[in-house]
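Here is a short report on one protein chain. Look over the sequence and the model first, then read on.

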Amino acid sequence: VLNLLLTHIGANELLYIDLTEEGFYTVSDAMVEHTQFINKLETPNQKVKITFCADPDTLIMTERVRMPYFRALGLQQLYPERIEVETVNVIYNPTAVSKYKANSLTQIESDDIIFSYGERYRIIGADNMWIANSSTGELYSFNGEYKMATAIMSVTAKERPVAYFSIGHGETYYDTARPDRVENNDAEALYDLLLDRGLEVKTLDLRTEDIPDDCVLLVINNPREDFVSGELSDGNAIGFISQTEKIDRYLVREQGAVMVSKDPML
């Protein structure tokens with residue numbers, strides 16, 4: 001009877017015991033504290049889903065994926081009514097994650113981790129769960145607990161704050177509507193940093209748009225042209241607000257912040 005019981009459990013549940021003295025695969029007290037908000041989610045019947053894109057035996061083969069996988073399982077044990085961990089093999093079954101692709105060119109790799117809550121989702125590569133040596137690129141310190149807590153917070157937030165990249169003046173920006181855009185590479189590090197802080201990222205053209213109320217950060221990254229500060233050249237100034245005036249009004253309202261970056265060589 002005991003043998004049958006253990007066989008049934010083994011076939012349906014993944015059980016693990018952390019035997020390391022340092023507790024490498026156990027959720028830390030700090031992560032428990034930073035994820036208390038999960039108990040306060042307003043949709044009790046909806047779970048945060050953490051999807052790993054490979055089979056469990058593949059995930060536990062290397063530490064770079066094993067660590068976040070076991071931490072996710074630890075979170076599932078802490079919040080069984082709120083968090084669900086699942087694994088799908090994207091190599092054999094790529095359509096299983098098709099709903100998380102921005103377009104047909106988007107690639108979801110086997111070491112990617114998908115955090116989803118309803119229609120919202122974030123995709124984080126396993127390497128981004130670690131801190132890398134700036135000179136060698138070698139992964140040396142696990143930062144996955146912070147990354148996981150931030151990802152869960154961003155997909156469950158009622159209203160996500162937004163950072164806007166200004167466009168229209170030759171700026172370097174990240175366009176989320178065109179993830180395959182080659183120019184995105186120049187702003188990818190800044191884009192990833194904003195995502196890590198739980199922000200949504202969009203673009204904003206001050207020539208035709210006002211700064212929205214949900215903007216907490218306006219990024220003006222390496223502009224090549226001046227922002228318009230005067231009236232329209234045709235003299236039709238009725239209701240016209242210059243680009244610099246829009247920024248001034250935004251700052252006066254103390255609604256957010258403006259980040260300006262300029263290449264000193266230009």
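How do the residues of the lining of the largest pocket divide into nonpolar, polar and charged? The lining holds 13 nonpolar, eight polar and 13 charged residues. The model behind this count is predicted.

## The largest pocket

The largest pocket has a volume of about 1,200 Å³. Its lining takes in 34 residues. Closest to the pocket centre are Ile123, Tyr174, Tyr191, Asp192 and Leu195.

Strand E4 gives the most, with six residues.

## The chain as a whole

The protein chain has 266 residues, and 39% of them count as buried. Seven helices and 10 strands make up its list of elements.

The chain exposes about 16,000 Å². Carbon and sulfur atoms supply 51% of that area. Among contacts with a separation of 6 or more, 66% join residues 24 or more positions apart.

## Gln243

Helix H7 spans residues 243–252 and includes Gln243. Is Gln243 buried or exposed? Gln243 counts as buried because its relative accessibility is 6%, and the cut-off for buried is under 20%.

The side chain of Gln243 makes a polar contact with the side chain of His169, at 2.5 Å. Leaving aside neighbours within four places in sequence, Gln243 is in contact with His169, Leu206, Arg207, Phe227 and Val228.

Terms used: Residues numbered from 1 in each chain as written. Predicted model: local features only at pLDDT ≥ 70, side-chain atom pairs only at ≥ 80, totals over all residues. Heavy atoms only, no water. Helix = DSSP H or I, 4+ residues; strand = E, 2+ residues; numbered from the N terminus. Buried < 20%, exposed > 50% of the residue type's maximum accessible area, 1.4 Å probe, protein only. Contact = heavy atoms within 4.5 Å. Areas by Shrake-Rupley, 256 points an atom, 1.4 Å probe, with all protein chains shown as cover. 1 Å grid on protein atoms, 1.4 Å probe; cavity = no way out; pocket = protein on both sides within 12 Å on 5 of 7 lines; lining within 4 Å. Points joined across faces, edges and corners; volume = space filled by probe spheres on them. Nonpolar A, V, L, I, M, F, W, Y, C, P; charged D, E, K, R; others polar. Polar contact = N/O pair within 3.5 Å; in protein donor to acceptor, adjacent residues only side chain to side chain.
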